[in-house]
Amino acid sequence: MAENNADNAWQLTAATLVALQSMPGLVLLYGGLAKKKWAVNSSLMAVYAFAATLICWVGWGYRMSFGDRLTDFLGKPAPAMDDGFLMGQAFLGSFPAATMVWFQFVFAAIAAVVVGGAVVGRMRFAAWMAVVPLWHTVSYTVGAYSVWNGEGWLAKMGVIDFAGGFVIHLSSGVAGYTAAYWVGPRSDSDRNFFPPNSIVMMLAGAGLLWMGWTGFNGGAPYAATAIASLAVINTHVCAAASLLTWLLLDMTLSGKPSASGAVNGAISGLVCITPAAGLVQCWAAVLMGLISGSLPWYTLHRVALLRRVDDPFAGFHTHAVAGALGGVLAGVLAAPELCRKFYGEAAGGGGKYVGLAYALGGSGRASAGVRQVGWQIVGVVFVVCLNVVVMTVICLVVRVFVALRMSEEEMEMGDEEVHGEVAYGIDDQSRFVDAKVNSIYDVDEVAISKTPTYQMHRV
């Protein structure tokens, strides 16, 4: 297929939008959502995961995910750094392989970043440095090959995952939750009192994450097509419906709308629509938003069993639960005509890619719809089991060489003890009183002491 400059430009743009979801989107989101003493730790874990994943990706991960077949669930490991390979044609789309390597990398990176959100405030950074490349190599590549590579066993079966509900969100949500179990909970003081240190920064990060999803789902067709446009509008409609649903449930529970609840609602909607973004009609996106804004809310607030594992940023609910939900709903609501446009000749062949709602609605293929939902459930079970087992083995192996959990002193002190740095230079006991001279009020003194910013001291 000849290269198309317009498609290449869109694919590079979409990839960069997804990259911005992690850097700086999740860096800001996690940095603002964390307690003040963990703002550096949560942000640096995200930055490290992004960088480490890129080296793994070009070194071996890309071709293990999208390269030549080794088994039905894994490709042959090989580097993707030779200019002959990178300047050649991508396996799909009308652009160079270099564009595809970059595009698929940003998905792998954000998956690793999401895992980190589950172990903030207690996993040793040295352990995290080992966990990221191991999980990427042994788990992420297996899921990506199985679902997205044409030779993968789930792809051959006909599992629908438009842009990563299984490969990215379900896998990272389950992997993070499993890691959190093995590392153990935060300190009692943190678990009982963990206020966001900056609501505005949290919302700014969430905004980047939301807008970046334009590239996340809009880039999945590998071309600037009508399906890409449909995926984009469905993505934002579902996110909005989910956010509003979550807010209303929060107000019913506490009487007040919650900023963190709004963020959780938006993320749940974005994750839920991802497996089906370009394959469902817009009314179905609204329905998926209503469900994704309520079921993950329920598991977070009403299922006490799930709270036994300390999940500070609710990643299990907004990624694992919402991802599984979206995957199953894709099997119900996927429109056959949209699937034909996306999957081409494979759609409809052997009863593949037929949503149950359409199969029961007069198409005469009820069995195909039931079978599609069954395949989606098989995909959920496989990804869950894969990540529970792999992350368990990784944690057990890593802790032989380095402790997974920080010391009590480190968990008590936070960033200052762990990284030798703090996020903010102004002490909690000091506050500005005169914006014109940027002065502070020393609470230990009776008189007001006005000190220029360059002479600020800690109380």
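D310 is buried in this predicted model, with a relative accessible area of 4%. That is well worth a look, as this residue carries two salt bridges. One partner is R186, with the closest N and O atoms 2.7 Å apart. The pair links distant parts of the chain. R186 sits in the loop between α7 (165–183) and α8 (188–192), and D310 in the loop between α13 (295–302) and α14 (315–333).

R191 counts as partly exposed, at 35% relative accessibility.

R186 has a further neighbour. It lies over the face of F194, at 4.4 Å from the ring centre. R63 is placed in a like way over the face of F85, also at 4.4 Å from the ring centre.

Now for the other charged pairs. Side chains of opposite charge can pair when their charged atoms come close. The model has seven salt bridges. One of them joins the side chains of E151 and K156, at 3.7 Å from N to O. Where does this pair stand, buried or exposed? Both ends fall in between: E151 is partly exposed at 37% relative accessibility, and K156 is partly exposed with a relative accessible area of 41%. Elsewhere, K35, K37 and D190 are linked in a network of salt bridges.

Turn next to the nonpolar interior. In soluble globular proteins, nonpolar side chains tend to be buried together. Here the largest nonpolar core has 127 residues. Which residues have the most contacts inside this core? They are L29, W128, Y140, M288 and M391. Helix α4 (residues 97–117) supplies the largest share of the core, 14 residues.

Y140 is then in contact with W57, W135 and W148, among others. Its contacts also include Q104, F107, A108 and A111. V167 and I168 are on the list as well.

Aromatic rings pair up in this model, with a count of 25 aromatic pairs. Y181 and W182 form one that is edge-to-face. Their rings are 5.2 Å apart, centre to centre, with 85 degrees between the planes. Y181 is exposed, with a relative accessible area of 54%. W182 is partly exposed, at 27% relative accessibility.

Last comes the backbone. Most residues other than glycine have a negative phi, and most peptide bonds are trans. P24 is found in helix α1 (residues 5–33).

Y222 is buried, with a relative accessible area of 13%. Y353 is buried, with a relative accessible area of 7%.

Note on methods. Residues numbered from 1 in each chain as written. Predicted model: local features only at pLDDT ≥ 70, side-chain atom pairs only at ≥ 80, totals over all residues. Heavy atoms only, no water. Phe/Tyr/Trp six-rings, centres within 6.5 Å; stacked < 30°, edge-to-face > 60°. Buried < 20%, exposed > 50% of the residue type's maximum accessible area, 1.4 Å probe, protein only. Lys NZ or Arg CZ within 6 Å of the ring centre and 35° of its normal. Core = buried A, V, L, I, M, F, W, Y, C linked by side-chain atoms within 4.5 Å. Helix = DSSP H or I, 4+ residues; strand = E, 2+ residues; numbered from the N terminus. Contact = heavy atoms within 4.5 Å. Salt bridge = Lys/Arg side-chain N within 4 Å of Asp/Glu carboxyl O. Lists of a residue's contacts leave out its neighbours within four places in sequence.
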